[in-house]
Amino acid sequence: MQLEHAINFDDIRTLARKRLPRIAFDFIDGGVDGEAGLARNRVAFDRYKLLPRYLVDVENRRQTVNLFGHDYASPFGISPMGIAGFFRPGADLMLARAAARFDIPYIMSSASCDSIEAAMALAPKTTWFQIYGTRDPHITLDLVRRAKALGVRVLLMTIDTPVMGKRERNVRNGFRRPMKMTPSVILQGLSRPGWTWRYLTQGGIPMMENWRPYAVEGASANAIADLYGEQTPAPAQTWSILEQVRKAWDGPLVVKGVMHPADALKCLELGANGVMVSNHGGRQLDSAPGSIDMLPAIADAVGGRMEILVDSGFRRGSDVAKALCLGAKAAFLGRPAMFGVAAAGETGACKVIDIMRQEIGLLMGQLGWINLDRAGPDSLLDLLDLRMGRN
Ligand SMILES: Cc1cc2nc3c(=O)[nH]c(=O)nc-3n(C[C@H](O)[C@H](O)[C@H](O)COP(=O)(O)O)c2cc1C
């Protein structure tokens, strides 16, 4: 199949699978443990049914959304994903450019291969930045300082990775650094010559550019990856790191990976401007609920006092519509965007965004939404049921 024939995210995944060696495809695709959480992230959406309203003029539908004081063209964006350069050299900047082209947010991970400086030079209005707490908090705070100096619009701090989940596909595939050229890896490479050619001609394991300043001068890509591995995860971190980040950053601050309403309230108390409800795409706690299942309780808890974003398992326009009805302002895509860029670079990333943009447009037409202000309990069977039951 060619990219132009791809009509949904399953097709994009299939294309990426054909172009990536298994060790790389599985790194993106996989979850943790037995991958029940990964499956649940899709099943969770089925619980909610959307109710159409007809004979409403939906000729000129607008899916623009205002997030932290700025308008974006659609109510979705791209989630932060580390080591994208392993899947295609320059992938981070391709994602940044594709998002800018469609005027949607792209969240660069601090574990990216290209630097935040390079992304901001290309796409200053749509690039957001995500950090983790590091064992040495000075690194976290220096990343915040750099983001501030660059004028990044929104900063996210991910809190759901106190320890790394048990990613069984990576263990089985022997995903490790430095990458060992086992017969299996060599065979996989031979069956994916495009990826292997790019990997070998562009210097092998990609440099994590954001981390270069914290390593000794001239450090190799592997040495910098080692440093990153020593600094994260930081299991001893507590809410104190969020307080420090809050002090250092005066712009919009979103805490990513919040699943418990009490944690959302704690974020509010510490001055965060938003939470991203997320189970890390089923890559951390296998037994976690779907993030969509936690939206109502979190929306109730924060009661409009902060912005709610969400990710994990979003693959359809209807998924996004359901999240908006349940109180989220925007949803974010992880794997589909990475598969798009792995399959066909910036064009592939654009295709993913375009598919989602079009699906949301169609959904709005079906639901009788001329704009996103119409999203709410009225379009959700479950909530309507509950309300009727209460009356
Ligand atoms: C390859 C890959 C790398 C990721 N790296 C990060 C990261 O550096 N920081 C982070 O907060 N989340 C990271 N995530 C999680 C995503 O931001 C996001 O929460 C998740 O992928 C959303 O679920 P989805 O892939 O089902 O859309 C990563 C996910 C993938 C697939």
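The entries below go from a single methionine to the ligand and its surroundings.

Entry 1. I noted that this is a predicted model.

Entry 2. I looked for Met81 and found it in the loop between β3 (76-78) and α4 (91-102).

Entry 3. Is Met81 buried or exposed? I read a relative accessibility of 16% for Met81. Buried means under 20%, so Met81 counts as buried.

Entry 4. Which residues does Met81 touch, leaving out those up to four places away in sequence? I listed Asp92, Ile107, Ser109, Leu333, Gly334, Arg335, Ala337 and Met338. I then checked Ala337, one of these contacts of Met81. Met81 and Ala337 are 256 residues apart in sequence, but their C-alpha atoms are 9.5 Å apart in space.

Entry 5. I looked up polar atoms beside the ligand. Ser109, which also touches Met81, has a polar side-chain atom 2.8 Å from a ligand oxygen atom. Tyr132 has a polar side-chain atom 2.8 Å from a nitrogen atom of the ligand. Arg335, another contact of Met81, has a polar backbone atom 2.9 Å from an oxygen atom of the ligand.

Entry 6. How much of the ligand does the protein bury? Taken alone, the ligand exposes 610 Å², and the protein buries 97% of that.

Notes
Residues are numbered from 1 along each chain as its sequence is written. This is a predicted model: local features need pLDDT of at least 70, side-chain atom pairs count only at pLDDT 80 or more; totals for chains, interfaces and linings use all residues. Side-chain values use heavy atoms; hydrogens and water are left out. Helices (H or I, at least four residues) and strands (E, at least two) are DSSP runs, numbered from the N terminus. Buried means under 20% relative accessible area, exposed over 50%, partly exposed in between (1.4 Å probe, protein chains only). Contact means heavy atoms within 4.5 Å. A polar contact is a pair of N or O atoms within 3.5 Å; within protein, one must be able to donate a hydrogen and the other to accept it, and residues adjacent in sequence count only if both atoms are side-chain atoms. Accessible areas come from the Shrake-Rupley method with a 1.4 Å probe; for residues, only the protein chains shown count as cover.
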